[in-house]
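Open the model in your viewer and keep the sequence panel beside it.

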Amino acid sequence: MKKRRKTATPRSARPVPKAGLVEYRRKRDFRQTPEPSGSPSPSRRERDRIFVIQKHAASRLHYDFRLELDGTLKSWAVPKGPSLDPTDKRLAMQVEDHPLEYASFEGTIPAGEYGAGSVVLWDRGTWRPEGDPQAAYRAGALKFSLEGTKLHGSWVLAKIRGGRRDRSDQRSWLLIKHRDGEARPARKFNVLEARPESVASGRTLEQIASPVEPVVAGVRLTHADRVLFPAQGTTKLDLARFYESIAEWILPHLKDRPTALVRCPEGAEGPCFYQKHGGPWAPKAIRRVKIQEKTKAGEYLVVDSLPALIGLVQIGILEIHTWNSVVQHLERPDRVVFDLDPGPGVEWRRVADAARLVRERLQTVRLESFLKTTGGKGLHVVVPLRASATWDECRAFARRLAEDLEHAEPKAYVARMAKAERKGKIFIDYLRNTRGATSIAAFSTRATPEAPVSVPLAWDELTPRLRSDHYTIASLPRRLADLKADPWAAYWTLRQNLPALSTT
Ligand SMILES: [Mn+2]
């Protein structure tokens, strides 16, 4: 009688994977997938070897079991996942070696790429072989113990032996829990169901596959957990909620004013750039206005609603600077700003003195002024005006005052731009009053790691202790809640005119 031969399935025809990362790299396009390309590292004997188990929702859900050996991760796909029950023998199909860096991979492999689907870092830790691991691996009988977050105790990976003709699948192994104190009967405990979450992020497969994009003020925030201000760990979502919570304070300062924006897509420590003009990148909620410039009309952005403000957060804007005029009468500024900018070596006490001196000078021409921190080193003294004087008149007035102070105390103050002249002096920057110039808006954050905010103060709050970067995203909401009165209440109602130049 002729024996019927089984037809080999394609899978069982596969050879044992070659050691190394050639097969791993051949299967993947690293321009498309977020997986690491990896470099084979010499195995480091001085420390324990790592293991990792990744729950992988590819075309079929499986668990990838990986053990560090000879500088790469030996890898098996376990369709049913590990079981703590020693009577469960879990099929483990050996796959290509993976780079050690893969041990920290969690995320989503894009559609169309090899292994497309989401990956959860389900467990990781160290493993210890019983005996010589290389010899045991070659012999197809690896005994070892795991010290992970979820899996502990001793285990075995055993290659399935074929019969005499060795027709069996060269890649098939079994993963089995040894009987020890860590073993649990399957009917009492299923570790896969009890602990589905990532040991790295706490997220489940579903959360990784469709990251929650929180909505603030109608604006969907992508990458909401991106840290923008590292010193405080402030995320994009934190910043959006901060602006939402202080909306009634900041929006009046932004209303109708063309802006210049500082955009830092990677946060305060990454590269930042000014954006003075609008473009397709700007969210729809932001108002556009055309403003005639020297040779052409430019599109400017105006932020006068909460969705517009949160839209700025969404695209990584960390500073909002505003014009001294509003769009209704662009050529007639409604404020003058003195920016007091201390050069190297100037004590804070002298910056505070300078602000008081500017205030006194303004009072001699019957102008009330208001103080705010910049969130940096200097201070702003702001003079609200009836929108009647021209840009040239406002600038001439500010220049005259700055030069008067420089003439009176040339060792303390300087009114010219040149950096070389500023050492030990306070630069009184009157050029903020030129058409098209901007200054940091009250209640805007600054793009530095501690997340400082430009904050309006009462004059009697100006003390040697309260520096310009005193208030941050973290501390400002408390200040606003505790305020008995708005220190700038009169700012909104004063109707002042610039004096004729001859009287200053
Ligand atoms: Mn996999």
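Select Phe-51 and look across to strand 2: its bridge partner there is Leu-67. Strands here are DSSP runs of E with at least two residues, helices are runs of H or I with at least four, and both are numbered from the N terminus. This is a predicted model: local features need pLDDT of at least 70, side-chain atom pairs count only at pLDDT 80 or more, and totals for chains, interfaces and linings use all residues. Residues are numbered from 1 along each chain as its sequence is written.

Now show strand 1 (residues 49–57) with strand 2 (residues 61–69). They pair in the antiparallel sense over seven bridges; two strands pair if DSSP finds at least two bridges between them. Three residues lie between strand 1 and strand 2, and the two strands form a hairpin.

Stay on strand 2 and colour it by burial. Seven of its nine residues are buried, so the strand is mostly covered. A residue is buried if 20 or more other C-beta atoms lie within 10 Å of its own, exposed if 12 or fewer, and partly exposed in between, with C-beta atoms placed from the backbone.

Pick Phe-65: its bridge partner in strand 3 is Trp-76. Then click Asp-70. In this hairpin, with two residues between the strands, Asp-70 takes a positive phi near 55°.

Next, go to Phe-189. It is found in the loop between strand 9 (172–177) and helix 3 (191–194). Why does Phe-189 count as partly exposed? Because it has 13 C-beta neighbours inside 10 Å. Leaving aside neighbours within four places in sequence, Phe-189 is in contact with Leu-84, Arg-184 and Ala-194. Contact means C-beta atoms, placed from the backbone, within 7 Å. Draw the C-alpha to C-alpha distance from Phe-189 to Leu-84: 8.0 Å in space, for residues 105 apart in sequence.

Strand 14 (residues 259–263) runs antiparallel to strand 15, joined by three bridges. Select Arg-263: its bridge partner in strand 15 is Phe-273.

Colour by domain. The assignment gives domain 1 (20–208), domain 2 (216–329) and domain 3 (335–503); such bounds come from an automatic or database domain assignment. The C-alpha centres of domain 2 and domain 3 are separated by 22 Å. Their contact takes 30 residues from domain 2 and 25 residues from domain 3. On the domain 2 side, helix 5 (236–245), helix 6 (247–254), strand 14 and strand 18 (317–322) each give two or more residues. Strand 18 has the largest share, five residues.

Finish with the cores. A nonpolar core is a set of buried Ala, Val, Leu, Ile, Met, Phe, Trp, Tyr and Cys residues joined through C-beta atoms within 7 Å. The largest has 72 residues, and Val-303 and Ile-428 have the most contacts inside it. Helix 9 (residues 391–408) gives the most to this core, with six residues. Domain 2 and domain 3 each supply at least three residues. Select Ile-428: beyond four places in sequence, its contacts include Phe-338, Leu-340 and Ala-402. A second, separate core of 28 residues includes Val-52, Leu-67, Tyr-102 and Trp-122.

Methods:
Two residues are in contact if their C-beta atoms, placed from the backbone, lie within 7 Å.
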